[in-house]
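Thanks for coming. Please have a look at it first.

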Amino acid sequence: MAIASVNPTTAEVLKTFSPLGAEEVEKAIAQAAMAFETYRLTSFEQRGQWLGNTANLLQQQREALARLMTLEMGKPITEARAEIDKCAWVCRYYAEQGATFLQPEFIPTEASYSAIHYQPLGIILAVMPWNFPFWQVFRFAAPALMAGNVALLKHASNVPQCALAIAHLLSEAGFPEGVFQTLLIPGSAVADLVADPRIKAATLTGSEAAGKSLAQAAGQHLKKTVLELGGSDPFIVMPSANISQAIATAVQARMINNGQSCIAAKRFIVHEAVYDTFAEGMKAAFESWVIGDPLAPTTQLGPLATAAIRDELHAQVALALSHGAKVFYRRSLDLPTQQGYFFAPTILTEVTPDNPVFTQELFGPVAVLFRVSSLTAAIQLANATPFGLGASAWTQREEEAALLVRDLEAGVVFINGMVKSDPRLPFGGMKTSGYGRELGRAGLLEFVNIKTVCRWG
């Protein structure tokens with residue numbers, strides 16, 4: 001079956017690609033294995049130079065790459081440009097800091113020399129999602145390549161042009177042939193890749209189901225995995241919060257990337273003392289949000305990435321309503337064309353624990369509002385989910401902030417700010433949101449052999 005690039009704004013097929021056959025995949029793995037034998041010996045300085053070149057190319061080609069993202073998965077063009085800038089940032093960050101992170105760490109012992117050395121593993125398989133088609137890849141690739149690994153990318157099938165553009169960029173930046181390759185293959189081919197002894201580890205960002213599948217395949221072959229999966233992030237608002245700022249951030253946190261982000265705020269848990277003010281403010285902001293062609297610079301909300309994603313979200317909202325949830329607000333869509341995969345911004349209330357949607361992730365512009373009477377109730381509700389990726393909480397009281405940081409079950413907690421990833425800080429989740437970390441020094445060390453070295457005499 002052909003791999004198709006479809007414009008979600010118009011439902012137009014932009015381009016189709018034939019998936020690689022078994023012989024082509026074998027050739028790519030063999031080339032990666034051969035490339036690793038020389039690439040692992042390159043200096044930190046050389047790898048950093050190639051990453052710096054990549055950052056320069058990303059910024060030189062910013063407009064074309066951002067437009068490609070928008071055409072292929074519907075991201076508003078202003079967000080697409082920011083994504084390219086962030087990719088350049090992560091390349092520069094590891095180019096500048098990677099050598100320091102990877103230096104041998106000396107530990108005094110009875111030996112004349114004892115240290116921890118950090119060495120690359122080999123070929124790393126990256127299974128990446130469509131929602132941040134450049135950033136998700138670069139936040140893996142920059143540290144992995146800086147550490148001396150080589151990479152095979154299996155990108156989401158609806159962003160093949162972005163996948164090929166990334167491989168071309170890295171080649172243009174000077175990385176040797178075979179160090180980074182894009183494989184246009186179906187998801188069903190991943191298990192065979194993981195089984196190949198030349199592939200040493202794998203990382204995946206995506207759904208729980210995809211994560212379980214990869215982890216199961218890797219477990220059979222005792223291979224390291226890093227998984228960044230779904231999230232149903234809480235956004236807690238206490239009475240002492242700056243309410244106007246909390247509302248503005250809440251809407252941005254729910255609508256970012258057309259609502260399609262693992263770390264988008266999805267459950268808004270608001271103290272009863274400020275609930276009505278917050279709810280009305282969110283409703284007004286949803287009503288004024290600019291919906292339309294994502295290529296237009298003023299557009300804030302474009303279409304969902306595929307028809308299947310739109311239909312699944314519609315089914316989830318219908319399921320929630322059939323189990324007692326109420327529509328507090330639903331935007332009427334008044335667009336020139338309804339061919340694309342647009343979804344009306346919606347706010348739900350009265351989603352109770354017995355509602356099937358209570359523990360589900362809503363991937364799109366749908367917010368769920370909860371009213372609570374205390375901080376304890378807010379934290380209990382925030383943790384009452386299988387997920388544990390990010391959490392945002394709003395309070396001006398230090399004692400409340402301390403309890404939120406201590407007790408929220410999440411890999412990322414932001415107080416009075418929107419959850420976002422940063423190259424300088426480790427990023428990842430707990431519970432069914434996955435394990436392992438990306439970014440920061442911790443992310444760099446996920447795919448290295450932490451080798452203990454001792455010498456006497």
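The largest cavity is lined by Arg139, Phe140, Pro143, Ala144, Thr203, Val226, Arg437, Glu438, Leu439, Gly443, Leu444 and Phe447. Before going on, the ground rules: this is a predicted model, where local features need pLDDT of at least 70 and side-chain atom pairs count only at pLDDT 80 or more, while totals for chains, interfaces and linings use all residues. Residues are numbered from 1 along each chain as its sequence is written, and side-chain values use heavy atoms, with hydrogens and water left out.

Now the terms. On a 1 Å grid over the protein atoms alone, a cavity is a set of points where a 1.4 Å probe fits but cannot get out; a pocket is an open set with protein on both sides within 12 Å along at least five of seven lines; lining residues have an atom within 4 Å of a point. Grid points are joined across faces, edges and corners, and a volume is the space filled by probe spheres set on the points. Helices (H or I, at least four residues) and strands (E, at least two) are DSSP runs, numbered from the N terminus.

Back to that cavity. It holds about 90 Å³ of space, and the search of the whole structure finds five cavities of 30 Å³ or more. Which helix gives the most to its lining? That is H5, with four residues; H5 and helix H14 (440-444) each supply at least two. By class the lining has seven nonpolar, two polar and three charged residues. Here Ala, Val, Leu, Ile, Met, Phe, Trp, Tyr, Cys and Pro count as nonpolar, Asp, Glu, Lys and Arg as charged, and the others, Gly among them, as polar.

Of its 32 lining residues, Glu79, Lys86, Phe132, Ile256 and Met418 are the closest to the centre. Helix H4 (77-102), helix H5 (135-146) and helix H9 (243-255) each give two or more residues, and H4 gives the most, with five.

On to the sheet. Seven strands form an open sheet in the order S12-S13-S14-S11-S10-S15-S16, with mixed pairing; two strands pair if DSSP finds at least two bridges between them. Strands S12 (326-330) and S16 (412-415) are at the edges with a single partner strand each, so one side of each has no neighbour in the sheet. S10 (residues 233-237) and S11 (residues 265-271) run parallel and are joined by five bridges. Within that pair, Ile236 stands opposite Ile269 in S11.

Last, a helix pair. Helix H3 (residues 62-73) packs with helix H6 (residues 160-172) at an angle of about 155°, their axes 9 Å apart. Axes are lines fitted to C-alpha atoms, for helices over the stretch in contact, and angles run from 0 to 180 degrees between N-to-C directions. H3 is therefore roughly antiparallel to H6, a label for angles over 145 degrees. H3 contributes Leu65, Leu68, Met69 and Glu72 to the contact, and H6 contributes Pro160, Gln161, Cys162, Ala165 and Leu169; contact means heavy atoms within 4.5 Å.

Note on methods:
Angles under 35 degrees count as roughly parallel, over 145 as roughly antiparallel, 65 to 115 as roughly perpendicular and the rest as oblique.
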